[in-house]
Amino acid sequence: MKPYNIYISGVGGQGIIKTSIIMGEAAMKMGKQVVMSEIHGMAQRGGVVSTELKIGQAQSPIIPESKANILLAFEPLEALRAVGKINEESYVVTNTSPTMPFNINASKYPYPEISVILEELESKSRKLFALDAIQIAKESGHILSLNMVMLGGAAAVPGFPVDKKYLKESMKDNLPEKSLKINLKAFDEGFRVCSI
Amino acid sequence: MNMKEILTAQKGENLFLLGNEAAVRGALEAGISVASTYPGTPSSEIGDVLSRIAKDADIYFEFSTNEKVALEVSAAASASGLRSFTFMKHVGLNVASDSLMSVVYSGVNGGMIILSADDPSMFSSQNEQDNRYYARLANMPMLEPSNPQEVKDLMKYGFQLSEEFQIPILMRTTTRVSHMRGIVEVDSVNEEKRKGFFKKDPLRFVPVPEVARNMHQKLVDKIKKLELKADQSSLNKLFHKKGDLGVITSGSAFNYVMDVVEENDLPVNVLKITFSYPFPENTILEFIRDVDEILMVEEVDPVMEKDVMAIVGKYSLKKKVHGKLNGTLPLIYEFSPDIILEGINKVLGIKTNKKIKKSRKTELTLPKRPPTLCPGCPHRAVYYSVKKAISNLNLENVIFPTDIGCYTLGIEPPYEAGDYLLSMGSSVGTSCGFSKATQQNIISFIGDSTFFHAGIPPLINAVHNKDQFVLVILDNRTTAMTGGQPNPGLPVDGMGYEAPEISIERIVEAAGVKFIEIINPLNLKKSQRVIEQAIQYPGMAVVISKYPCMLIKNKGKKKNFIIEVKDDCNNCNNCLDELSCPAIYRADDYTIQIDPQLCRRCSVCIQICPEKAIGVKK
């Protein structure tokens, strides 16, 4: 059986690796096979961060071009940059609040209009779920719960192979107890927005 | 998962581990007593985990001053009968290589594993050298895991093998193995504690020429026996049997091969080489006799490919060997499943099918997002002051030799303060050369950890040989780029115990430098003045910029004021153009704003604004 491929991208500091570990451990707890790839080091200083997960039978965590079942983007520009990983059957969940590259003023190419990014993502995927994850995170109690908003959003996508129940269990194992309430709220809100 | 579970998990439990974490678990299951490293990505997390659990695990762990020292610490422990583990990034093994060559001659009593984390495609390195050559150069056994479970299992096996043959083992991972996460079923931790005792044996441990000649003969004999061992090893294993093409592969390349072969049901036979040196000649011979053609899939250099060609030649076999050398696969960078599929299809004469699900590409050209110095980073302030000092003195063509650390990011505009870099510590050594070769002014940058690692001998060289340059030591009180490990300049060691703090200033003084100034880089006026004096000083001048990395300073705490751009701003762009702090941005309405979430209140922008339009919000 082919694995379910998850490509996650965004910007250093958004909690992408933590989110991916929560997903992977939840899959493991469900008794599924899972492999994951993450990149550390230089990339974290405000650069692009991406992780790749395969749930099911796979040796390598690297997702071939166009073979991601879902693209989970914590930042809209990074969603578009990762679009080569999806096909017309793929789902995209993206945060709509941009994080500007620090050098954008000196950049030859401007940051695209959000509406343009969303249109592109919509036209290239089976379905686009766009949510203002920063706003939802703030409303849930802390901007840093952004990653759990996105995790909740991913969990709402049709065919997503990891159950909500296991994701929440895995959140408890991986997040500090004092922020768990906020994070669970953020997760539920992300889930709710993408379930509509 | 809590990091402590790497120590506490019970036999039979499953953990979702990073390759680097699995290496720690394997070492604990093998019962190591001593571990040592100098941090370097992609191996850094091994040390981070060990540093967190060493006390509870009752083992000794240290962040050594450099990789050579780390290897020597472990070598002596193994000579004393303990199991030892030293690990480093690929280029770190270059630093350690002098002692590596000798420890293979003398051999070990307690098992010893040296792990080299290679970095194909250079995610965080200056080159993508293939350290499988080191196994051949030093003549030592090599193991190459493909996933975290194998990392853990091979650690245990490696220690047994090391003790059986009294030889250190080289374990080679790559970024995609070190930074791959997978499910690892753990075994029990070995709680038996050995007592180290060094039994003198100069004919074994002191390689003066006469002794070394004997030792080399013994080493060659060991390797002969190990060749047999590799040939009989179940680690070198046939995985897929179909058709007439034989694929020989190792490491993470094996993962790609298996995924594309199984998904596309390709008619190939796959031989995975895990015990890769001594190269298992008979295993290879048996495998290639049954196939028509051979495809070598390995990262990065065609190392096994040439070995296989030698076997084909030796036995006069009529077998075509495909791989990097005939252009079937790319010669450099890491592989991907797409590259492997194309390579196999090329050999099989199948057209790569790109139909059904077309890859989606955007027509837009997207702005890049390069990594940068963090908001509030003290290095940014130093670079700003250096630039100002140079312009105040009307200097041109100043050379900026730089070094390895976050501050290497100073090569980017607007700082552009990185002109020449070779390796750890090279900022100082190359400055000596520029000082002799040119009449240009030289301002050189090195971090605190890098200074301890390899900056001290070239500084002594500079003073003794009467070189003239300014060395700026960027002491941010940590080893920042690799994740914030302690170094000898801090009052804490790798175990987490209190430790004597080594003074950079006093080392510089003892080396004979006469001009030594310590600056607070966030005080721009004073910093500029000191740097100007240093540039004009006739002789070696050292400026120590001392301010903690913003990632460790007041972790989690924020100063309770906000810095804002006031109405006096006339949009001169000075802050954006000259400082390029990620917290300062131009808003949609074209006003300049400071993001209070990103701002670390370092106050450098307040000092540089010509209109005094940046200040504390009242």
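**Selected residues of chain B**

Modeller: In this predicted model, B:Arg477 has a relative accessible area of 16% and is therefore buried.

Colleague: In which loop does B:Arg477 lie, and which side chain does a polar contact of 3.1 Å join to that of B:Arg477?

Modeller: B:Arg477 is placed in the loop between β16 (470-475) and α18 (504-510) of chain B. Its side chain reaches the backbone oxygen of B:Gly489 at 3.0 Å, while the polar contact of 3.1 Å is made with the side chain of B:Glu501.

Colleague: Is B:Glu5 buried, partly exposed or exposed, and how far in space is B:Glu5 from B:Ile53, C-alpha to C-alpha?

Modeller: B:Glu5 belongs to helix α1 (residues 5-8) of chain B, and, leaving aside neighbours within four places in sequence, B:Glu5 is in contact with B:Leu15 and B:Arg25. Because buried requires under 20% and exposed over 50%, the relative accessibility of 28% makes B:Glu5 partly exposed. B:Ile53 is 48 residues away from B:Glu5 in sequence, and the C-alpha to C-alpha separation in space is 9.5 Å.

Colleague: What accessible area do the residues of the nonpolar surface patch that includes B:Met122 have together?

Modeller: B:Met122 sits in the loop between β5 (112-118) and α6 (132-138) of chain B, and counts as partly exposed because its relative accessibility is 31%. With B:Leu331, B:Ile332 and B:Tyr333, B:Met122 forms a nonpolar patch on the surface, whose accessible area together is about 360 Å².

Colleague: How far apart do the C-alpha centres of domain 2 and domain 3 of chain B lie?

Modeller: In chain B, domain 2 covers 237-348 and domain 3 covers 378-546. The distance between the C-alpha centres of these two domains is 47 Å.

Technical notes: Residues numbered from 1 in each chain as written. Chains lettered and ligands numbered in written order. Predicted model: local features only at pLDDT ≥ 70, side-chain atom pairs only at ≥ 80, totals over all residues. Heavy atoms only, no water. Domains from an automatic or database assignment. Helix = DSSP H or I, 4+ residues; strand = E, 2+ residues; numbered from the N terminus. Buried < 20%, exposed > 50% of the residue type's maximum accessible area, 1.4 Å probe, protein only. Contact = heavy atoms within 4.5 Å. Patch = residues over 30% accessible without salt bridge, like charges linked within 9 Å, V, L, I, M, F, W, Y side chains within 5 Å. Areas by Shrake-Rupley, 256 points an atom, 1.4 Å probe, with all protein chains shown as cover. Salt bridge = Lys/Arg side-chain N within 4 Å of Asp/Glu carboxyl O. Polar contact = N/O pair within 3.5 Å; in protein donor to acceptor, adjacent residues only side chain to side chain.
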